[in-house]
Amino acid sequence: MLNLTTIQDKLRFNFDGKWSDEYNLINVVLSNGMFEETFVAEREIVETSIVGSQSPIFHRIEDNPMQFDMIIAFEDGFNEDMINEISDWLFQDYYKELFFEDKTDKIYRCIAIGESSLIHNGLNQGYFTVTMRCDSSRVYSPVKIESFSVSDTAITTLNINNFGSDTIFPEISILKKGDGNISMDINGEIFEVRDLTNLEDIYINCEREIIETDIIGVYRYDNVIGEFPKFIRGSNTIKIQGESDIKIRYREKYKI
């Protein structure tokens, strides 16, 4: 079932871990008609024009980062101190997480851009506008975590369902028990880290293809066999060998 993310009908919102009512603010719409929402992010065709041809060569579709406007009203008026606190909270220098009440499972990673206008009646009552730009064209789920232990005598099988719109790349932490290898079969694709040592702590960022160990001066890239793991849309079957404690972290991504 489609779980459409709408924001204009939500009064309360959470940005960078703080709810808007901590500042006596609400998300409002200045219209008596229907709400207008961002359905999906803006898309562009990347193509090459050919002299003498009416049909350019199609290369791919590129999705632009999502962007939307918010109108935020002061419930009980404002003063200079409040304005300073709110500007410090909302107008930060890097992407922060934003989500709305009743939709806490859909998270925007965004930053305020452009000009923000304060509209008031001269009695310290009113609202301000802000434009939020996301770090991608997608909305994220909260971080999902799978933690489990693998014995030295059996294969551990795990099923992960990716309900999002895209293939995703997890982060994996491994605490090796005893010297040896860790092998993962994910949907038939093998990923292996060889020659680990007892109690070695490994971190793997599959999207950035980063692998780190807590052993100083040691690099494990030459010990990696296969492609870094990914989870396709739908069901993913993972079979793991090698005694260890493992934690898998991931976020699903949605177009809407």
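In which loop is Leu30 found? Leu30 lies in the loop between β3 (25-28) and β4 (43-48), where helices (H or I, at least four residues) and strands (E, at least two) are DSSP runs, numbered from the N terminus. The structure is a predicted model, in which local features need pLDDT of at least 70 and side-chain atom pairs count only at pLDDT 80 or more, whereas totals for chains, interfaces and linings use all residues. Residues are numbered from 1 along each chain as its sequence is written, and side-chain values use heavy atoms, with hydrogens and water left out.

At 53% relative accessibility, Leu30 counts as exposed; on this scale buried means under 20% relative accessible area, exposed over 50%, and partly exposed in between (1.4 Å probe, protein chains only). The C-alpha atom of Leu30 is separated by 8.1 Å from that of Ile71, although the two residues are 41 residues apart along the chain.

Strand β17 (residues 201-205) is joined to β18 by 4 bridges and runs antiparallel to it. Ile204 stands opposite Ile211 in β18.

An open sheet of 5 strands is also formed in the order β13-β20-β15-β16-β19, again with antiparallel pairing. Its edge strands, β13 (156-162) and β19 (224-226), each pair on one side only. Here the twist averages 15° from one strand to the next. Strand β15 (residues 180-186) is connected to β16 through 6 bridges in an antiparallel arrangement, and Asp185 has Ile190 in β16 as its bridge partner. The hairpin of β15 and β16 has 2 residues between the strands, and Asn187 takes a positive phi near 55° in this hairpin. Strand β16 (residues 189-196) in turn pairs with β19 in the antiparallel sense over 3 bridges, with Glu192 opposite Ile225 in β19.

The structure holds 0 disulfides, a disulfide being a pair of cysteine sulfur atoms within 2.5 Å. Cys110 is in no disulfide, and the nearest cysteine sulfur, that of Cys134, is 5.1 Å away, which is too far for a bond. Cys110 is buried, with a relative accessible area of 0%, and Cys134 is likewise buried at 0%.

The largest pocket contains about 610 Å³ of space. On a 1 Å grid over the protein atoms alone, a pocket is an open set of points where a 1.4 Å probe fits, with protein on both sides within 12 Å along at least five of seven lines, and lining residues have an atom within 4 Å of a point. Grid points are joined across faces, edges and corners, and the volume is the space filled by probe spheres set on the points. The lining comprises 19 residues, of which Arg109, Tyr140, Glu171, Glu207 and Arg251 lie nearest the centre of the pocket. By class, 7 of the lining residues are nonpolar, 2 polar and 10 charged; Ala, Val, Leu, Ile, Met, Phe, Trp, Tyr, Cys and Pro count as nonpolar, Asp, Glu, Lys and Arg as charged, and the others, Gly among them, as polar.

Notes. Two strands pair if DSSP finds at least two bridges between them. Axes are lines fitted to C-alpha atoms, for helices over the stretch in contact, and angles run from 0 to 180 degrees between N-to-C directions.
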